[in-house]
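Colleague: I would like to learn how to read a structure like this one. Please take me through it feature by feature.

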Amino acid sequence: MKKLILCSLVFILLFSLFSCAPEAHFDYQGWIDENKKKEGDIVFMGDSRVAGFDCNAYFHPKDKTVLGLGVGGEVVRGVRKRLDVLEEIKPESLFIAIGGNDVFSGDFSYETFEYDYRMLLERIIELEVPRVYIQTITGLSNQKHLHLNRKIALCNTIIEGLVSEYNSKHPGIFVFLDIASEMNESDGSGIKEYMADDGVHFSEKGNAFWADYLKEYVK
């Protein structure tokens, strides 16, 4: 009986560790201190998809520096915390790609997602970043995760609505980029040739396509 109880407690502990949000254990201030002295006229921020996207290999705008600041496992609320790094970097343009990890959360709700994304946009306004490109979330191709694509599609609708709202309040700052419509199948899943074997991250072809899509905006 004691052994059964002990095993149950261990299981609960492990579940809580793996299901907790990234911001619960990520050292945001340490990360900011580490990165705030970097140069970036053009900055990319987001989750592991951004972390795995070698923006410096794809983009070489004249007299401009490009900086990738992706963090694996990141969620919308976490990116808002990390935006403090821009107080010193002061980029001319910012590319945001975030939200995919939020739908994996056991306590996910559209209301919370919308609130967190709204707070993200509010913080960007406070920082006075001149131009911000907000990208939609591309779908998943792994069979285990296909059920999440409906959530992702609805989150993209929320993102589009917020960008439209904030564009009416602050014209000329936000640009909505619907990359999902270019990298998804008609059913909302990620196009397989653009997806890595895990069905979550982008393949080399996917990153190349993404870069080609963005190149006219990275100036």
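Modeller: Begin with burial: a residue is buried under 20% relative accessible area, exposed over 50%, and partly exposed in between, using a 1.4 Å probe and protein chains only. Strands (E, at least two residues) and helices (H or I, at least four) are DSSP runs, numbered from the N terminus. The model is predicted: local features need pLDDT of at least 70, side-chain atom pairs count only at pLDDT 80 or more, and totals for chains, interfaces and linings use all residues. Residues are numbered from 1 along each chain as its sequence is written, and side-chain values use heavy atoms, with hydrogens and water left out.

Colleague: How many helices and strands does the chain have?

Modeller: There are ten helices and five strands. Of the 219 residues of the chain, 46% count as buried.

Colleague: Why is strand E1 described as largely enclosed?

Modeller: In a regular strand, side chains alternate between the two faces of the sheet. For E1 (residues 42–46), five of the five residues are buried, so the strand is largely enclosed by the rest of the structure. Ile 42, Phe 44 and Gly 46 lie on one side, Val 43 and Met 45 on the other, and both faces are covered.

Colleague: In what order do the strands form the sheet?

Modeller: Two strands pair if DSSP finds at least two bridges between them. Here five strands form an open sheet, in the order E2-E1-E3-E4-E5, with parallel pairing. Strand E2 (66–70) and strand E5 (174–177) are the edge strands, each pairing on one side only.

Colleague: Which residues stand opposite each other?

Modeller: E1 pairs with E2 over five bridges in the parallel sense, and Gly 46 has Gly 70 in E2 as its bridge partner. E1 also pairs with E3 over five bridges, again parallel; there Met 45 stands opposite Ile 96. Between E3 (residues 93–97) and E4 (residues 131–135) there are four bridges, and Leu 94 is opposite Val 132.

Colleague: At what angle do helices H7 and H8 pack?

Modeller: Axes are lines fitted to C-alpha atoms, for helices over the stretch in contact, and angles run from 0 to 180 degrees between N-to-C directions. Helix H7 (residues 110–127) and helix H8 (residues 149–169) pack at about 35 degrees, with their axes 10 Å apart.

Colleague: Which residues of H7 and H8 meet?

Modeller: Contact means heavy atoms within 4.5 Å. Among them are Tyr 110, Phe 113 and Leu 121 in H7, and Leu 154, Cys 155 and Ile 158 in H8.

Colleague: Are Lys 90 and Glu 128 buried or exposed?

Modeller: Lys 90 is exposed, with a relative accessible area of 62%. Glu 128 is exposed too, at 67%.

Colleague: How many disulfides does a search find?

Modeller: A disulfide is a covalent bond between the sulfur atoms of two cysteines. The test here is a pair of cysteine sulfur atoms within 2.5 Å, and a search of the whole structure finds zero disulfides. Cys 55 is buried, with a relative accessible area of 3%, and Cys 155 is buried at 0%.
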